[in-house]
Amino acid sequence: MAMTKKTLMVLILVLVLVSLNDGAQVHHVVGGDRGWHPYTDIGSWSSARTFRVGDKIWFTRSAAQGSIAEVETKEEYLTCDVSNPIRMYTDDSDGITLDGEGARYFTSSSSDKCKNGLKLHVEVVVPEARTDTTTAQVASEGSDKAIAAPPESSAPSHFGASFALLMAGFWLSYMGI
């Protein structure tokens with residue numbers, strides 16, 4: 001019986017720890033409600049976000065907007081040179097996982113549309129590296145680069161984790177472990 005209690009305790013603790021990490025990944029819909037569109041201020045949209053390793057970005061666009069090109073260099077991004085992209089994203093049914101720290105550059109596959117503002121530069125940071133809101137750089141509308149301040153803490157997500165820990169504590173007390 002003691003072995004069963006200990007096994008159950010370990011299982012509960014593992015589940016609680018997994019639930020604490022569950023909220024780490026964020027899904028960003030580029031451009032928010034307006035999506036990937038020439039009338040969307042992509043620079044302002046991105047300046048309000050922090051992109052972390054493991055997050056996903058989603059480009060919601062119409063067929064008229066064409067494909068998304070990921071380019072390798074800042075120069076290609078700034079000049080809208082899409083002649084040699086790293087990747088082309090033609091289907092927006094799958095999110096693009098931000099799988100490493102550093103700069104990522106996305107543009108419209110149409111050079112003209114890119115020059116009209118359909119481009120996105122994100123700085124991906126590791127999850128532990130939180131930027132202080134007082135020192136964060138917020139990009140202006142015409143900026144080619146946006147380093148976003150971290151979002152305000154979300155009370156519901158903290159409440160869920162606190163509640164899970166509280167329930168685990170009550171259970172452990174009840175079981176006399």
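**Figure 1. The disulfide of Cys 80 and Cys 114 in the predicted model.** Both Cys 80 and Cys 114 are buried in this predicted model. The two residues form a disulfide, with their sulfur atoms 2.1 Å apart. Cys 80 belongs to the loop between α3 (74–79) and β5, whereas Cys 114 belongs to helix α4 (residues 111–115), so the link ties together parts that are 34 residues apart in sequence. The angle about the S-S bond is -75 degrees, and the link of Cys 80 and Cys 114 is left-handed. The structure holds one disulfide. In general terms, a disulfide is a covalent bond between the sulfur atoms of two cysteines.

**Figure 2. The salt bridges of Glu 70.** Side chains of opposite charge can pair when their charged atoms come close. The structure holds three salt bridges, and this view presents two that involve Glu 70. In one of them, Glu 70 pairs with Arg 87, and the closest N and O atoms are 2.9 Å apart. This pair links distant parts of the chain, 17 residues apart: Arg 87 is in strand β5 (residues 87–89) and Glu 70 in strand β4 (residues 68–71). Are the two partners buried or exposed? Arg 87 counts as partly exposed because its relative accessibility is 39%, a value that lies between the limits of 20% and 50%. Glu 70, with a relative accessible area of 3%, is buried. Glu 70 also forms a salt bridge with Arg 104, where the closest N and O atoms are 2.5 Å apart. Arg 104 lies in strand β7 (residues 102–108) and Glu 70 in strand β4, so this bridge ties together parts that are 34 residues apart in sequence. In this pair, both Arg 104 and Glu 70 are buried.

Figure 3. Arg 104 is buried, with a relative accessible area of 10%, whereas Asp 99 counts as exposed at 59% relative accessibility.

Figure 4. Strands β4 and β5 run antiparallel and are joined by three bridges. Within this pairing, Ile 68 stands opposite Tyr 89 in β5. Strands β4 and β7 also run antiparallel, and four bridges join them. Here Glu 70 has Phe 106 of β7 as its bridge partner.

**Figure 5. The open sheet of β1, β3 and β6.** The three strands are arranged in the order β1-β3-β6, with mixed pairing. Strands β1 (27–29) and β6 (96–97) stand at the edges, and each has a single partner strand, so one side of each is left without a neighbour in the sheet. Strand β1 runs parallel to strand β3 (residues 56–58), and three bridges join the two. His 28 stands opposite Ile 57 in β3.

**Figure 6. The surroundings of Phe 51.** Phe 51 lies in strand β2 (residues 51–52). At 2% relative accessibility, this residue counts as buried. Which residues does Phe 51 touch, not counting those up to four places away in sequence? Its contacts include His 28, Trp 45, Ile 57, Leu 98 and Val 122. The C-alpha atoms of Phe 51 and Leu 98 are separated by 7.9 Å, although the two residues are 47 residues apart along the chain.

Figure 7. In soluble globular proteins, nonpolar side chains tend to be buried together. The largest nonpolar core of this model has 16 residues, of which Val 30, Trp 36, Ile 57, Phe 59, Phe 106, Leu 120 and Val 122 touch the most other members. Elements α2 (42–47) and β8 (119–125) each supply at least two residues of this core. The largest share, three residues, comes from β8. Beyond four places in sequence, Val 122 touches Phe 51, Leu 98, Gly 102, Ala 103, Arg 104 and Phe 106. A second, separate core has five residues, among them Val 71, Tyr 77, Val 82 and Tyr 105.

Technical notes:
Residues are numbered from 1 along each chain as its sequence is written. This is a predicted model: local features need pLDDT of at least 70, side-chain atom pairs count only at pLDDT 80 or more; totals for chains, interfaces and linings use all residues. Side-chain values use heavy atoms; hydrogens and water are left out. A salt bridge is a side-chain nitrogen of Lys or Arg within 4 Å of a carboxyl oxygen of Asp or Glu. Buried means under 20% relative accessible area, exposed over 50%, partly exposed in between (1.4 Å probe, protein chains only). Two strands pair if DSSP finds at least two bridges between them. Contact means heavy atoms within 4.5 Å. A nonpolar core is a set of buried Ala, Val, Leu, Ile, Met, Phe, Trp, Tyr and Cys residues joined through side-chain atoms within 4.5 Å. A disulfide is a pair of cysteine sulfur atoms within 2.5 Å.
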